[in-house]
Amino acid sequence: MSRTLVKEVPNKIGEKVTLQGWLHWKRDLGGIQFALLRDRTGIVQVVVEKGVDLPLAESCLRVSGEVVQNAKAPGGYEVLANGLEVLTPALEPSPIEIPKEEWRVNPETLLEYRYVSLRGEKARAALKVQAALVRGFRNFLDAQGFTEIYTPKIVSAGAEGGSNLFAIDYFEQRAYLAQSPQLYKQIMVGVYERVYEVAPVFRAEQHATSRHLNEYLSLDVEIGFVENEHDVIDLEEALLRAMLDEAREGAADAVGMLEVEWPNTAEMPRLEHPEARRILREELGMPVGADFNEEAERALGQWAKEKWGVDFLFVTKYPEAARPFYAYPEGDGSTRGFDLLFRGLEITSGGQRIHQYDVLVEALKKKGNDPANFAGYLEVFKYGMPPHGGFAIGAERITQKLLGLPNVRYARAFPRDRHRLTP
Ligand code: AMO
């Protein structure tokens with residue numbers, strides 16, 4: 001049996017086809033029944049004779065029939081079924097009506113029944129775009145001489161500060177779920193010069209917000225032999241363009257159905273932190289500290305959009321107080337650390353790192369860390385670490401802002417948040 005995919009149906013007018021997929025929706029008009037059949041490539045209308053017993057929505061079907069033109073059918077064509085086989089019947093009515101699925105409506109219900117709500121067109125499209133972004137990430141870096149690495153997610157110390165660590169029992173020892181691959185990706189720069197990792201990381205964020213997950217996909221990059229943080233930013237700019245190109249071309253159907261307003265990728269200006277702070281205070285009337293809160297980021301994003309017409313804004317030269325111990329200090333209280341705001345949301349942190357052993361030991365102490373807890377990391381700095389830097393992009397956050405999703409949880413198939421551990 002040869003299977004025709006739904007997207008091939010319009011090219012088969014007048015021909016017999018056999019389709020397989022899910023019963024997306026059905027309607028009985030008395031004399032005739034309409035069904036929508038969904039497969040991985042789309043949805044098509046099927047006309048089913050009166051008397052044929054259609055199973056519950058979401059059952060798996062095999063349908064044979066002839067493709068005919070019908071101006072009233074979606075797309076102008078439909079399949080007149082003459083054979084219908086139920087491959088796997090749905091045992092119960094779906095807890096949500098998938099065709100009406102819409103992420104602006106009752107988000108908790110959508111997440112509660114994620115195993116079926118993911119089948120909705122928008123949910124599927126969003127994750128498809130994300131997969132294309134990640135593919136673009138890998139393809140670009142592979143072509144630039146990077147090596148993909150796989151670092152441990154069970155670790156002995158936090159890399160990003162101690163407050164949001166998940167502690168676990170590791171036999172007789174205390175261990176933690178990795179907050180980021182930071183320390184390992186730096187060690188790996190000493191091996192390969194250029195590395196990247198695509199992997200989940202864990203943050204014990206106490207608050208449920210629209211931009212925080214407790215488990216998210218971190219797209220990490222680290223490179224050796226940099227002059228300063230601008231080399232790192234140059235790389236990220238080119239990488240972002242490649243990722244967005246791959247999303248637009250490689251997930252064109254999904255991008256089209258979500259009606260994505262494409263961001264301006266031509267310009268991604270760099271604003272130094274003191275200047276960003278001045279703008280927030282003087283031009284926008286927002287009193288801000290060293291690190292910008294959500295409101296300040298949003299205001300800055302809006303300001304950059306209005307002033308310069310840009311969607312991406314790098315904020316550079318973050319103060320030491322707002323950066324982790326590994327950030328390269330300029331000596332004046334600032335660092336070579338940067339953030340990237342995309343439509344007013346931080347999607348990246350990065351920067352140049354400390355590569356000198358003594359400076360690193362001092363920086364650890366200054367942030368209240370015991371260097372002994374970082375022994376496995378520190379050691380490598382005795383053996384020739386090049387000046388290096390890197391960054392991490394939150395995969396869900398870039399997806400959220402690209403697609404205009406109201407909540408970052410819709411950018412993850414099975415989100416872990418403050419209250420959700422299932423499905
Ligand atoms: P940072 O902690 O800023 O930096 O995280 C990097 C990026 O990860 C995303 N992110 C999150 N996404 C969803 N939920 C969360 N709770 C969450 N926390 C962070 C954001 C953020 O910009 N090691 C450094 C990166 C580096 O310097 O290379 C780090 O982890 O998009």
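This is a predicted model: local features need pLDDT of at least 70, side-chain atom pairs count only at pLDDT 80 or more; totals for chains, interfaces and linings use all residues.
Q: How is the chain divided into domains?
A: There's domain 1, residues 6-88, and domain 2, residues 115-411. Their C-alpha centres lie 46 Å apart.

Q: What share of the contacts comes from residues 24 or more positions apart?
A: If you take contacts with a separation of 6 or more, those pairs account for 63%.

Q: Which feature does UniProt place at residues 127-423?
A: The unreviewed UniProt entry has "domain: Aminoacyl-transfer RNA synthetases class-II family profile" there. Over residues 127-423 the chain is 35% helix and 21% strand, and the end C-alpha atoms are 17 Å apart.

Q: OK, on to the ligand. How many residues surround it, and which are the closest?
A: 22 residues surround the ligand, and the closest are Ser180, Gln182, Ser349, Ala392 and Gly394. The elements that each give two or more residues to that shell are strands S11 (215-224), S15 (345-352) and S16, plus helix H11.

Q: Which of those gives the most?
A: S15, with 6 residues.

Q: How do the shell residues divide into nonpolar, polar and charged?
A: You get 6 nonpolar, 10 polar and 6 charged.

Q: Why does Gly394 count as buried?
A: Because 25 other C-beta atoms lie within 10 Å of Gly394, and the cut-off for buried is 20 or more.

Q: What about Ala395, where is that?
A: Ala395 is in helix H11, residues 395-403. Ala395 is buried too, with 23 other C-beta atoms within 10 Å. Its contacts, again skipping residues up to four places away, are Gln130, Leu133, Val134, Tyr216, Leu217 and Leu219.

Q: Which UniProt "binding site" annotation covers Gly394 and Ala395?
A: One from the unreviewed entry that also includes Arg203, Glu205, His212, Glu346 and Arg397, among others. Another "binding site" annotation in the unreviewed entry covers Glu160, Arg203, Ser349 and Arg353.

Q: Is Glu160 buried or exposed?
A: Buried, with 20 other C-beta atoms within 10 Å.

Q: And Arg353, buried or exposed?
A: Arg353 counts as buried, with 28 C-beta neighbours inside 10 Å. Arg353 is in the loop between S15 and H9. Among the residues it touches are Gln186, Tyr326 and His388.

Q: Switching to H9, then. Which residues of H9 are buried?
A: H9 covers residues 357-366, and its buried residues are Leu360, Ala363 and Leu364. They cover an arc of only 100° around the axis, so they sit on the same side of H9.

Q: Why would residues three or four places apart point the same way?
A: Because an α-helix has 3.6 residues a turn.

Q: Which exposed residues are on the face turned away from the buried side of H9?
A: Asp358, Lys365 and Lys366. On the buried side, what covers the residues includes helix H10 (375-378).

Q: What does the backbone do just after H9?
A: Gly368 takes a positive phi of about 80° there.

Q: Last one, Leu421. Buried or exposed?
A: Leu421 counts as exposed, with 8 C-beta neighbours inside 10 Å. Leu421 is in the segment after H11.

Q: How far are the C-alpha atoms of Leu421 and Gln206 separated?
A: By 14 Å, with the two residues 215 residues apart along the chain.

Terms used
Residues are numbered from 1 along each chain as its sequence is written. UniProt positions are given in the numbering used here, feature names are shortened, and annotations may be inferred rather than shown by experiment. A residue is buried if 20 or more other C-beta atoms lie within 10 Å of its own, exposed if 12 or fewer, and partly exposed in between; C-beta atoms are placed from the backbone. Helices (H or I, at least four residues) and strands (E, at least two) are DSSP runs, numbered from the N terminus. Two residues are in contact if their C-beta atoms, placed from the backbone, lie within 7 Å. The arc is that of the directions from the helix axis to the C-beta atoms. A residue is near a molecule or strand if its C-beta atom, placed from the backbone, lies within 6 Å of it. Ala, Val, Leu, Ile, Met, Phe, Trp, Tyr, Cys and Pro count as nonpolar, Asp, Glu, Lys and Arg as charged, and the others, Gly among them, as polar. Domain bounds come from an automatic or database domain assignment.
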